[in-house]
Amino acid sequence: MRRGAGVPPTVLGGVSPPPQLGRQHYPGLLVETMRQIQSAASETGVIIIGGLPHPATPFAAHSKRGDPMIEERFNAIYGTAPEVVVRAPGRVNLIGEHTDYNDGFVLPAAIDRSIDFAGRKRADRTVRLHSLDFDGSVEFSLDDIQKDGANRWSNYVRGVSKYLEEDGHRLAGADIVFGGNVPREAGLSSSAAVEVGTAAFWKKLLGLELDPVYLVKLSRKAENQFVGVPCGIMDQFISGLGRANHALFLDCRDLQYRHVPLRDDVKIVVCNSGVKRALAQSEYEVRLKQCREAVERIASTGRAVASLRDVKPADLEAARAVLSDVLFRRARHVVTENQRVLEAIKVLESGNLERFGELMNASHVSLRDDYEVSSKELDVLVEVAWKQPGVLGARMTGAGFGGCTVNLVRQEAAEAFAEAIMRGYKEALGLKAEVYICKASQGALSV
Ligand code: GLA
């Protein structure tokens with residue numbers, strides 16, 4: 001498999017050359033991939049049902065940590081072994097949706113799907129970066145990091161690198177390969193995984209003593225200011241600080257957090273609608289503005305509120321007259337969702353998973369009716385899920401408008417659940433769902 005040893009072709013003007021080691025060089029890859037899917041499924045408890053790996057993620061099988069695939073790919077491209085390898089997981093949010101940018105509470109878990117990085121130092125200030133998922137290469141100088149309009153996949157890496165340099169952490173040139181099996185645009189935070197993976201990569205490669213929360217914030221800044229997507233802090237936080245077999249309870253105002261153990265006899269099952277989140281970014285920005293406007297209006301009635309986090313249900317009722325129907329419902333979602341998260345933590349810690357599931361269901365209804373970020377496909381997946389035996393709770397997860405649902409399912413019912421979801425989704429909409437039974441995993445910056 002070791003072809004193309006030596007240096008990849010130089011990239012002119014930041015434009016990707018023909019992939020020096022594209023999939024066409026690996027005629028055995030598909031068979032190999034299928035074999036690995038089967039072995040990964042049996043070894044990790046991850047099952048991938050309902051179709052081939054995501055087309056953008058040719059390495060969907062390497063969900064095992066410590067899989068040598070990324071090292072092999074590095075070796076094949078650069079003709080030498082990498083010095084370091086890091087893995088940054090995607091995430092699923094159990095409850096607490098659209099609360100992070102309102103200074104509220106969230107409860108995500110890192111999943112056993114990751115974006116992996118392999119790399120080694122160079123003697124100069126050049127970064128050569130190869131994306132396995134996009135089959136593309138770029139090259140840039142650490143002395144002049146610019147946004148790349150043609151190879152937008154590289155901007156997450158560029159942004160994190162730029163802000164580290166700007167903060168005075170002098171980086172070294174490096175050859176890097178990255179890629180993984182977090183499906184893109186599916187609401188499982190593949191971009192946060194790339195950002196956090198980049199931060200973890202530089203930390204490890206250069207032995208930088210940097211606080212994980214600092215790196216999480218810097219990764220979010222790269223997404224907000226360099227890439228230009230106005231997300232909250234949840235995704236980068238959990239990709240950095242997740243813990244195996246735990247969810248993470250985060251207060252998005254002061255970034256205090258604690259890990260909450262998840263029980264082994266209940267599975268986190270993620271159902272991917274296969275629908276790309278077309279409206280996600282524009283509608284996300286609309287929601288952000290609506291939340292800010294609701295706060296201003298509520299504050300205008302004399303209440304001391306800096307964000308929706310500070311609004312109590314009684315404040316909201318009292319301020320109803322100054323809010324339009326839409327603003328009232330947007331605010332009501334956030335206010336009630338924060339309450340649901342706080343209760344969810346308590347019942348999770350006391351082992352009352354039935355109540356936890358009810359809170360998930362209520363969260364979905366609120367996202368669907370008050371916040372209006374669900375979609376026909378997500379609603380169908382959730383409604384089919386609610387009817388299945390062994391299901392404790394089901395809701396859409398992430399920003400919405402497509403992407404995935406998250407389901408808590410008793411272990412013994414999980415496989416039948418997966419089949420029922422795929423069948424029900426196909427019957428209702430003629431569409432194919434993918435189902436992943438996930439394990440909560442370690443973050444890239446966790447110590
Ligand atoms: C996206 C954003 C997060 C969060 C969720 C909604 O995933 O990146 O910051 O706002 O949507 O909960």
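Let me start with a definition: two strands pair if DSSP finds at least two bridges between them. Helices (H or I, at least four residues) and strands (E, at least two) are DSSP runs, numbered from the N terminus.

Hello everyone, a quick word on where this comes from. The model is predicted, so local features need pLDDT of at least 70 and side-chain atom pairs count only at pLDDT 80 or more, while totals for chains, interfaces and linings use all residues. Residues are numbered from 1 along each chain as its sequence is written, and side-chain values use heavy atoms, with hydrogens and water left out.

Strand E10, residues 391-397, runs antiparallel to strand E11, residues 404-410, and six bridges join them.

Now to the helices. H7 (residues 280-299) and H9 (residues 325-350) pack at about 95°, their axes 9 Å apart. Axes here are lines fitted to C-alpha atoms, for helices over the stretch in contact, and angles run from 0 to 180 degrees between N-to-C directions. H7 and H9 are therefore roughly perpendicular, the word for 65 to 115 degrees; under 35 is roughly parallel, over 145 roughly antiparallel and the rest oblique. Residues in the contact (heavy atoms within 4.5 Å) include Arg287 and Glu293 of H7 and Leu327 and Arg330 of H9.

Finally, the aromatics. Rings of Phe, Tyr and Trp (its six-membered ring) pair if their centres lie within 6.5 Å; planes under 30 degrees apart count as stacked, over 60 as edge-to-face and the rest as tilted. The structure holds ten such pairs. Phe134 and Trp153 are stacked, 6.2 Å centre to centre with 20° between the planes. Phe134 sits in the loop between strands E4 and E5 and Trp153 in the loop between E5 and helix H3, so the pair ties together parts 19 residues apart in sequence. Phe134 is partly exposed, at 38%, and Trp153 is buried, at 10%. For Tyr163 and Phe226, the centres are 6.4 Å apart and the planes at 90°, so that pair is edge-to-face. Both Tyr163 and Phe226 are buried.

One last thing to find on screen: Phe117, Phe134, Trp153, Phe178, Phe201 and Trp202 form one aromatic cluster.

Key:
Buried < 20%, exposed > 50% of the residue type's maximum accessible area, 1.4 Å probe, protein only.
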